[in-house]
Amino acid sequence: TFTGCSKSEDVIVMGTNATFPPFEEIQGNEIVGFDVDISKIIAEKLGKTLKVEDMEFNQLLGAVASGKVDFVAAGMTVDEERAKQVDFSDNYFASKQVIIVKEDNDNIVEAEDLVDKKVGVQLGTTGDIFVSGYTSEENGGTIEVIQFDKGALAVAELSLGKIDAVVLDEEPAKKIVANYEGVKIIEAPFINENYALAVKKGNTELLEDINEILAEIQADGTYDALCEKYFGK
Ligand code: ARG
């Protein structure tokens, strides 16, 4: 049988949603970022070629569960519900959710102030889950949640004054806010989270390899160099 002219190579497929700078974003025709670099290192150490599959964020869990991708690297927060569908690696990044508002907005200073407001999120993210979970009984009102495909679209709407706030992960928020006029990140302490890579449930072989590689790059300074490259810290 003919298999085409390229030699068959051992490929490992990473799934992501490239709307999340500096973890993954599209630059030119390329998907680049912190998660992509980590994934390349994983592939290399496993002797494989990395293939990156870009898809909607809320398709990632299904893609890894069905075997369409081997693992997910998408700034994905470890969460109990998700852990029913996939197995998470060790944490590789500590993050938190932040609130973004218009620069002249002094009324929203903490999460409770989001009640009765229009709040933009990226569909299916922990920010979405958090604000969508606000109930009248517990919080004295609900939040009108507007779901976007990308965090940047939510910030664009905020900048135009069409919504009141956006809830997003901290590092992407910093990158995205820098591209829009008249918006700021509120410094109120908010939900803390941890990112991990995800594999298909029961794929302990890959999970153990990934955890070993994460430990290696932390021990040998590679991880710190990536932090410097992408976060300047
Ligand atoms: N950390 C958040 C979550 O897990 C947002 C992740 C969004 N990632 C992305 N690549 N768009 O829900």
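Modeller: A strand is a DSSP run of type E with at least two residues, and a helix is a DSSP run of type H or I with at least four residues; both are numbered from the N terminus. The model is predicted: local features need pLDDT of at least 70 and side-chain atom pairs count only at pLDDT 80 or more, whereas totals for chains, interfaces and linings use all residues. Residues are numbered from 1 along each chain as its sequence is written.

Biologist: In which strand is aspartate 90 found?

Modeller: The C-alpha atom of aspartate 90 is separated by 12 Å from that of methionine 76, which lies 14 residues away along the chain. The strand in which aspartate 90 is found is β7.

Biologist: As what does aspartate 90 count, with 15 C-beta neighbours inside 10 Å?

Modeller: A residue is buried if 20 or more other C-beta atoms lie within 10 Å of its own, exposed if 12 or fewer do, and partly exposed in between, with C-beta atoms placed from the backbone. Because aspartate 90 has 15 such neighbours inside 10 Å, it counts as partly exposed.

Biologist: With which residues is aspartate 90 in contact, leaving aside its neighbours within four places in sequence?

Modeller: Two residues are in contact if their C-beta atoms, placed from the backbone, lie within 7 Å. Once the neighbours within four places in sequence are left aside, the residues in contact with aspartate 90 are Ala196, Asn211 and Leu214.

Biologist: Which residue of β12 is the bridge partner of phenylalanine 93?

Modeller: Two strands pair if DSSP finds at least two bridges between them. β7 is joined to β12 (residues 192–200) by eight bridges, and the two strands run antiparallel. In β12, the bridge partner of phenylalanine 93 is tyrosine 195.

Biologist: Which residue of β11 is the bridge partner of isoleucine 100?

Modeller: β7 and β10 pair over four bridges in the antiparallel sense, and isoleucine 100 stands opposite valine 166 in β10. β7 is also joined to β11 by three bridges, again running antiparallel. In β11, the bridge partner of isoleucine 100 is isoleucine 185.

Biologist: How many of the five residues of β10 are buried?

Modeller: Strand β8 (residues 118–122) pairs with β10 over two bridges in the parallel sense, and valine 119 has alanine 165 as its bridge partner in β10. β10 is mostly covered, and the number of its five residues that are buried is five.

Biologist: Which residues of α7 are buried?

Modeller: The buried residues of α7 pack against β2, β7, α6, β10, β11 and α9. In α7 (residues 170–177), these buried residues are Glu171, Pro172, Ala173, Ile176 and Val177.

Biologist: What is the orientation of α6 and α7 to each other?

Modeller: Their axes, which are lines fitted to C-alpha atoms over the stretch in contact, with angles from 0 to 180 degrees between N-to-C directions, come within 10 Å and cross at roughly 50°. Angles under 35 degrees count as roughly parallel, over 145 as roughly antiparallel, 65 to 115 as roughly perpendicular, and the rest as oblique. The orientation of α6 and α7 is therefore oblique.

Biologist: What is the handedness of the crossing of α1 and α8?

Modeller: The axes of α1 (residues 34–45) and α8 (residues 204–219) come within 10 Å and cross at roughly 115°. That makes α1 roughly perpendicular to α8. A crossing is left-handed if the near helix is turned anticlockwise from the far one by less than a right angle, and right-handed if clockwise. The crossing of α1 and α8 is right-handed.

Biologist: How do the residues of the contact of α1 with α8 divide into nonpolar, polar and charged, and how many are there of each?

Modeller: Ala, Val, Leu, Ile, Met, Phe, Trp, Tyr, Cys and Pro count as nonpolar, Asp, Glu, Lys and Arg as charged, and the others, Gly among them, as polar. Ile41, Ile42 and Lys45 in α1 meet Ile210, Ile213 and Ile217 in α8. These residues divide into five nonpolar, no polar and one charged.

Biologist: Which residues make the contact of α1 and α9?

Modeller: The axes of α1 and α9 come within 10 Å and cross at roughly 155°. The two helices are therefore roughly antiparallel to each other, and α1 passes α9 in a right-handed crossing. The contact is made by Phe34, Asp37, Ile38 and Ile41 of α1 and by α9 residues Thr222, Leu226 and Tyr230.
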